[in-house]
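Visitor: I would like to know what stands behind the labels. Please take me through the terms.

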Amino acid sequence: MKLLARAMIALSALLPLACSAAEAPPKYQLGRDYKAVRAVQPTSDPDKIEVMEVFAYSCPHCFQFEPALSAWLDKKPADVNFLRIPHTLGSEANELRNRAMFTAHLMGQFDKFHRALFGAIHGGGKLMSSTEDLRTLFTTATGVPAADFDGVYKSFPIDGRVRAAEQVIEQMGITSVPGMIVEGRYWVSPRAGGGSKEMLAVTDFLVEQARKERKKSR
């Protein structure tokens with residue numbers, strides 16, 4: 001009986017700890033550390049968790065975020081699909097830059113051109129606000145002939161991608177950059193996340209939440 005009594009006392013001492021752990025709020029909370037987008041967007045690959053960066057080439061904070069984002073991408077889990085979507089922020093120059101970015105993406109030259117464009121603007125102090133400047137940078141960075149660039153840059157598919165990007169951004173209600181969108185549902189900004197590096201920590205949290213939800217639904 002004494003052994004049973006001691007066991008019951010020990011168990012009762014553990015119960016409050018177990019309850020408090022189960023009831024502990026999550027580290028990051030909706031409305032404080034991340035927000036719901038205005039209109040949920042469908043993801044491009046239903047078999048993977050989607051993470052999307054919203055950025056603008058004119059934004060110095062987006063440029064400063066690149067090294068941290070690149071390090072995050074190097075460790076990205078296999079079940080995460082990462083996308084980038086450029087924001088014009090209402091700027092005609094950004095619209096031209098975005099058109100050039102989609103051209104590079106369609107031609108399989110995104111990585112080279114993306115780095116070169118960010119570097120030219122924020123490292124080289126160049127405006128890169130004209131088609132001529134963008135064409136020259138593209139050919140220099142990729143080695144692709146200017147005529148090939150022009151053929152894609154001025155095409156209907158690129159028109160559609162530029163319009164679609166702005167439409168998605170508007171529907172989600174994204175008004176500042178950089179930002180991370182998880183599953184087309186949640187928006188993490190540096191302001192809400194607590195800085196660019198913490199923004200990635202919140203993104204990881206939301207990815208894990210999405211992973212758990214998918215497991216439950218199976």
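Guide: Along the sequence the pattern is α-β-β-α-β-α-α-α-α-α-β-β-α-α. That gives nine helices and five strands. The model is predicted: local features need pLDDT of at least 70, side-chain atom pairs count only at pLDDT 80 or more, and totals for chains, interfaces and linings use all residues. Residues are numbered from 1 along each chain as its sequence is written, and side-chain values use heavy atoms, without hydrogens and water.

Visitor: What makes a run a helix or a strand?

Guide: DSSP does: helices are runs of H or I with at least four residues, strands are runs of E with at least two, numbered from the N terminus. Helix α5 (residues 131-142) has twelve residues.

Visitor: What span is expected for α5, and what does it reach?

Guide: The expected span is 1.5 Å times one less than the number of residues. For α5 that is 16 Å, and the helix reaches 16 Å from its first C-alpha to its last.

Visitor: Why are the buried residues of α5 said to line one face?

Guide: Buried means under 20% relative accessible area (1.4 Å probe, protein chains only). In α5 these are T131, L134, R135, L137, F138 and T142. Seen down the axis, they fall within an arc of 165°, so they line one face of the helix. The arc is taken from the directions from the helix axis to the C-beta atoms. The buried residues pack against α3, α4 and α6, with contact meaning heavy atoms within 4.5 Å.

Visitor: How do you know that β2 and β4 pair?

Guide: Pairing takes at least two DSSP bridges. Four bridges join β2 to β4, which run antiparallel. In one of them, E53 has M180 as its partner.

Notes: Buried < 20%, exposed > 50% of the residue type's maximum accessible area, 1.4 Å probe, protein only.
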